[in-house]
Amino acid sequence: MIWNKQNPYLAEIISAKLLSGKNSNKEIMHYKISLGDSKIKYNPGDSLGVIPLNNHQLVTDIIIRLGYSPLNIVEGYDKTIFELLESQFEILSPTNRFIAYINENIHHTELNKIIKNQDKTLLSQFKYGKSVLDFLNLDSKFNIDLKIFLSLLKPLQHRAYSISSSLLKYPKEVHLTVSTQRWEKSSQKYGGVCSTFLADNCYQGTRIKVFLIPNRNFRLPVDHDKPIIMIGPGTGIAPFIAFLQERTQLKSHGKNWLFYGAQFRKTDHIYENELIYFQDNKVLDKLDIAFSRDQEKKIYVQDKIYEVKSEFFKWIKEGAYLYVCGDAINMAKDVNSILQKIIQEQLNCSEDKSILYIKNLKKEKRYLLDVY
Ligand SMILES: Cc1cc2nc3c(=O)[nH]c(=O)nc-3n(C[C@H](O)[C@H](O)[C@H](O)COP(=O)(O)OP(=O)(O)OC[C@H]3O[C@@H](n4cnc5c(N)ncnc54)[C@H](O)[C@@H]3O)c2cc1C
Ligand SMILES: NC(=O)c1ccc[n+]([C@@H]2O[C@H](COP(=O)([O-])OP(=O)(O)OC[C@H]3O[C@@H](n4cnc5c(N)ncnc54)[C@H](OP(=O)(O)O)[C@@H]3O)[C@@H](O)[C@H]2O)c1
């Protein structure tokens, strides 16, 4: 059987465990999922697609706001309105065309002005953290036909999660490391669709729809003797736990160096025991952790890299593969900048040459990114 987005595998959750500490700003969960009889075979570096269901309270609140009953069958869909909003449409984050429609049909001084001026920055600030329901509620007198409403929504999308296990260590299992996205705005509580679907609704025995998302561009070197450097703050650590498990099982001779980053040692040192195990078993040769908020001045993974720049560059010259995983918006760019700076300093070369050096690393598939 081929499992994919259209035909996902109904996998059973084996366990759901909180990794982050009690008083952490983060809620990072570790999910163990059974692959049962699916015959799904993944490689470290691959991701798992999870197809979520929308939060039931949000579904109910929207149906009430629209003035329908949850059991109303929607013409043309052959499903109740509850079923449709639960599993077919993105009902948390509004689409631009939904916002445009709302704007055209309500009097709301701030939104009307932002859209009239086509101010993208102000619009994204206005939108930030607001749900579809919040937009419906911008004007309590606003009414919308159900069919028009549905036509303005996006189909519900799967979410990808980097796999944090190796099949060699856990045959028939796949593990995920998920940061639950929760926020508050004007005393209202919100949650990201999939991360809170997993955190709030999925326990041992729950079945969820999943499929494999292979990533051939983020694999361990074919030559197991090659050294690797892994840079993964936050949930970016996920694939590297898989890499280290795989290299342990394969008894690879290649050296392994991990740069991890988190806010506080006390609450955010996730996978501490696993990392100690890898160190004790001589799999993890070097480990550098940047606890950003344990001191007055923030320290990030790129600062740790810069501290040990000579050795870092020595590994690269020796043929190390460089992997970066996690936040694409800031972290990956900042890590790239420090890499460029180190190359310039170590080779005493121009900026152009350091850019070319990085380009070649990428061409040789020795600088690999999995950022989101
Ligand atoms: C290849 C790949 C691998 C990934 N691997 C991982 C992984 O290993 N672990 C992991 O945790 N994630 C990973 N992600 C991210 C993951 O796919 C989801 O994007 C993430 O879990 C959020 O999805 P969600 O459905 O919970 O939130 P969504 O419903 O998608 O909501 C996100 C939206 O909520 C809003 N929002 C979020 N936080 C706030 C806030 N504080 N204030 C206001 N608004 C906010 C933002 O507008 C944001 O666009 C990966 C992504 C990719 C593409
Ligand atoms: N995990 C997800 O589901 C997901 C999905 C999409 C986007 N994001 C976004 O990606 C970012 C990281 O999320 P996360 O949960 O993986 O990690 P995180 O736990 O928020 O961050 C991990 C560590 O990285 C630090 N950091 C912040 N900015 C950095 C930078 N420019 N360079 C290097 N390190 C930096 C953080 O420091 P400080 O916090 O002290 O600054 C923290 O110590 C967040 O902004 C998040 O909103 C996350």
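Q: Which residue is the bridge partner of Ile33 in S7?
A: In S7 that partner is Val174, and the assignment belongs to a predicted model, in which local features need pLDDT of at least 70 and side-chain atom pairs count only at pLDDT 80 or more, while totals for chains, interfaces and linings use all residues. Residues are numbered from 1 along each chain as its sequence is written, chains are lettered from A and ligands numbered from 1 in the order in which they are written, and side-chain values use heavy atoms, with hydrogens and water left out.

Q: Why is strand S12 called mostly covered?
A: A residue is buried at under 20% relative accessible area, exposed at over 50% and partly exposed in between (1.4 Å probe, protein chains only), and in S12 (residues 256–262) seven of the seven residues are buried. Asn256, Leu258, Tyr260 and Ala262 point one way from the strand, Trp257, Phe259 and Gly261 point the other way, and burial applies to both sets. In S2, five of seven residues are buried, and across the 372 residues of the protein chain the buried share is 49%.

Q: How do you know that S12 has parallel partners, and which strands are they?
A: Strand S11 (residues 228–231) pairs with S12 in the parallel sense over four bridges, with Ile228 bridged to Asn256. Strand S13 (residues 286–291) is joined to S12 by six bridges, and these two strands also run parallel; in S13, Ala290 is the bridge partner of Gly261.

Q: What makes the unit of S11, helix H9 and S12 right-handed?
A: The term applies if, with the strands pointing away from the viewer, the path from the first strand over the helix to the second runs clockwise, and S11, H9 (residues 238–250) and S12 make a β-α-β unit of that hand.

Q: Why is the aromatic pair of Phe218 and Phe240 called tilted?
A: Rings of Phe, Tyr and Trp (its six-membered ring) pair if their centres lie within 6.5 Å, and planes under 30 degrees apart count as stacked, over 60 as edge-to-face and the rest as tilted. For Phe218 and Phe240 the values are 6.1 Å centre to centre and 40° between the planes, so the pair falls in the tilted class. Phe218 lies in the loop between strand S10 (207–213) and S11 and Phe240 in H9, so the pair ties together parts that are 22 residues apart in sequence. Phe218 counts as buried at 0% relative accessibility, and Phe240 does so at 0% as well. Ring pairs link Phe218, Phe240, Phe243 and Tyr323 into a cluster, and the structure holds 17 aromatic pairs.

Q: How do you know that a charge sits over the ring of Phe126?
A: The test asks that NZ of Lys or CZ of Arg be within 6 Å of the ring centre and within 35 degrees of the ring normal, and the charged end of Lys130 sits over Phe126 at 3.8 Å from the ring centre. Lys255 likewise lies over the face of Trp315, at 4.3 Å from the ring centre.

Q: Why is Gly254 called buried, and what does Gly254 contact?
A: Gly254, in the loop between H9 and S12, counts as buried because its relative accessibility is 4%. With contact meaning heavy atoms within 4.5 Å, and leaving aside neighbours within four places in sequence, Gly254 touches His224, Asp225, Lys226, Pro227, Arg247 and Asp285.

Q: How do you know that Cys202 is in no disulfide?
A: A disulfide is a pair of cysteine sulfur atoms within 2.5 Å, whereas the nearest cysteine sulfur to Cys202, that of Cys194, is 8.2 Å away; the structure holds zero disulfides. Cys202 is buried, with a relative accessible area of 1%.

Key:
Pairing = 2+ DSSP bridges.
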